[in-house]
Amino acid sequence: MEEDKEKVRLKSTCRDLSEPNSHLVYEALRKSEERYRELVEHANSIILRWNKNGIVTFFNEYAQRFFGYSEHEIIGQHVVGTIVPESESTGRDLRPLMDHICNHPDEHRYNVNENVTKCGKRVWVAWTNKLLRNDDGDAIGVLSIGSDITKQRLLEEELRQAQKMQAIGELAGGIAHDFNNMIHGIAGFAEIIHQTTCDSKTAEYSKQILTTAQHATELTKQLLTFARKGSYHLSDCNTHDIIRDVCAMLERTIDRKIQVQQQLNAEWPHVKGDSAQLQSALLNLGINAKDAMPAGGTLVFSTSDVTVDRPISISDFQLEAGKYLQINVSDSGTGMSEEVRQRIFEPFFTTKASGRGAGLGLAAVYGTTHLHKGAIQCRSEFGKGSSFDLYLPIIKDCSKELSKVSKVKATERSIHMMVVDDEAIVRSYSKTLFEMHGHTVDTFASPQEAIEHYRKNSHKIDLVLLDMIMPQMDGQQLFAELKRINPDIKAMLSSGYSVESKVQEILKAGILDCIKKPFTYDQLQAKISTLVADGIIPPENE
């Protein structure tokens, strides 16, 4: 009986093989397999198989191009140490993760991790994993299909960084307001001591306090440069002063092995621009130069006058005929290749290691240059340092501007002021110092008290100085209330921190000017003299 069954089985098999259309079935199967292999090999996705021990058993052509490994180089190798680093740049150890995927692939149907190419470039890949089983149902490996999400990951990281910087900016603004009020009081009373003492040692000590307070002010100003938001405020900028400030900050913060030099040779260093943005741009150039000199070197800021006779193109910029200020920032660092040099102004492009640079610094410099209707170009050779030339149009008739300043300094008279500030030390300093110079000063902590006083005495108050940020009612709201009492009110705003767009809004509402805390008597007096010179405040008391 067993023999008969076997014969039937063999006969059945022979009959199947002798079917006239069987070769068509095999041919269709072969073509299907070819199409499947072609699809897998040429798919624009990373496709690989690896066994339970983490050994690569299949690596499609796209994966070979993406990671830089040939099939001969990668098949039979462990994923860790080839396409998977032992640890991510974030510090996460990837070996336990790979072991867990091998043993429990169902728990990792989708995962994202950092990978590495043959040349060492770090990339981010989103993986979809499927467990592979044999005919008995036993797990034998994993089929992984990956998509390159490096650019997406970088954009997400930049978004997180931007959100973090926004939060830092808000925090910096709040701190700066309180901190500047303290500096304002310290510097103010030091100024009073310096002007009233007859003792030379006391005068010297008070001068040191003033100098230290000024350094603290500069540090706060640098912090707020990065926190600044809103529209740009274009005004007369002395670029030599800006460069001196940038060099002073760099000398305090970068490696002492780097020498910072200045060669300020331009005859007319004045341009119309946003001083904070220009300062930030030059600081970015300085920091990039510092990073290119890990073993030390020389960083030079220089200026010169340039005349453009006809419209010319510099890199992507167009310069009209006219006079320009040229600012050169050069270093003796490592330099860069031509390929890198051509991409340095691209947003998010950076040659720094992950986590050490956002790739936005030079892009911001590029944008600032466009804002100021200038041009920038870079010259660099690998191993021979880098040089950046920034061209900015100078202010025409600068001599008239300077003569106006000279005229303003000579225009002084005593005025009746009203100061509204919630900080007691600011009120005390303002009243003491300003009255020392012949002014009459009424001070108020409460906006309501200030409103009542102004309602009764607006006819004899020449100038109101308002703090921007106060409880209950801010400077803008208080100004609106005072303006209802006297539409011709003369008022100035003072603040340790303010959003530029907010300041512009208040200026349009009728505020005469804005002065940043902490300010000295001379700084405020210069603004008062300007108002007198322009006839906004009458030259004589009524």
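How accessible is Asp513, and does Asp513 count as buried, partly exposed or exposed? At 26% relative accessibility, Asp513 counts as partly exposed, where buried means under 20% relative accessible area, exposed over 50%, and partly exposed in between (1.4 Å probe, protein chains only). The structure is a predicted model, in which local features need pLDDT of at least 70 and side-chain atom pairs count only at pLDDT 80 or more, whereas totals for chains, interfaces and linings use all residues. Residues are numbered from 1 along each chain as its sequence is written, and side-chain values use heavy atoms, with hydrogens and water left out.

The side chain of Asp513 meets that of Lys527 in a salt bridge with an N to O distance of 3.0 Å, a salt bridge being a side-chain nitrogen of Lys or Arg within 4 Å of a carboxyl oxygen of Asp or Glu. This pair links distant parts of the chain, with Asp513 in strand E19 (residues 513-516) and Lys527 in helix H17 (residues 521-533), 14 residues apart; helices (H or I, at least four residues) and strands (E, at least two) are DSSP runs, numbered from the N terminus. Lys527 also counts as partly exposed, at 24% relative accessibility. The whole structure holds 11 salt bridges, among them that of Glu114 with Arg122, whose closest N and O atoms are 3.1 Å apart. Glu114 is buried, with a relative accessible area of 2%, while Arg122 is partly exposed at 36%. In a further salt bridge, the closest N and O atoms of Glu452 and Arg455 are 2.9 Å apart, and both residues lie in helix H14 (residues 447-457), 3 residues apart, or about one turn of the helix.

A search of the whole structure finds 2 cavities of 30 Å³ or more. On a 1 Å grid over the protein atoms alone, a cavity is a set of points where a 1.4 Å probe fits but cannot get out, and lining residues have an atom within 4 Å of a point; grid points are joined across faces, edges and corners, and a volume is the space filled by probe spheres set on the points. The largest cavity has a volume of about 110 Å³ and is lined by 13 residues, of which Trp50, Val84, Met98, Trp127 and Ser144 lie nearest its centre. Strand E3 supplies the largest share of this lining, 3 residues, and by class the lining has 8 nonpolar, 5 polar and no charged residues. Here Ala, Val, Leu, Ile, Met, Phe, Trp, Tyr, Cys and Pro count as nonpolar, Asp, Glu, Lys and Arg as charged, and the others, Gly among them, as polar. The second largest cavity holds about 50 Å³ of space, and the residues of its lining divide into 6 nonpolar, 3 polar and 3 charged. Strand E17 gives the most to the lining of the second largest cavity, with 3 residues.

Two loop residues can also be described. Lys373, in the loop between helix H11 (361-371) and strand E13 (375-380), has a positive phi of about 55° although it is not a glycine, and Lys373 is exposed, with a relative accessible area of 64%. Most residues other than glycine have a negative phi. Asp255 is found in the loop between helix H8 (239-253) and strand E7 (258-264) and counts as partly exposed at 37% relative accessibility.

Key
1 Å grid on protein atoms, 1.4 Å probe; cavity = no way out; pocket = protein on both sides within 12 Å on 5 of 7 lines; lining within 4 Å.
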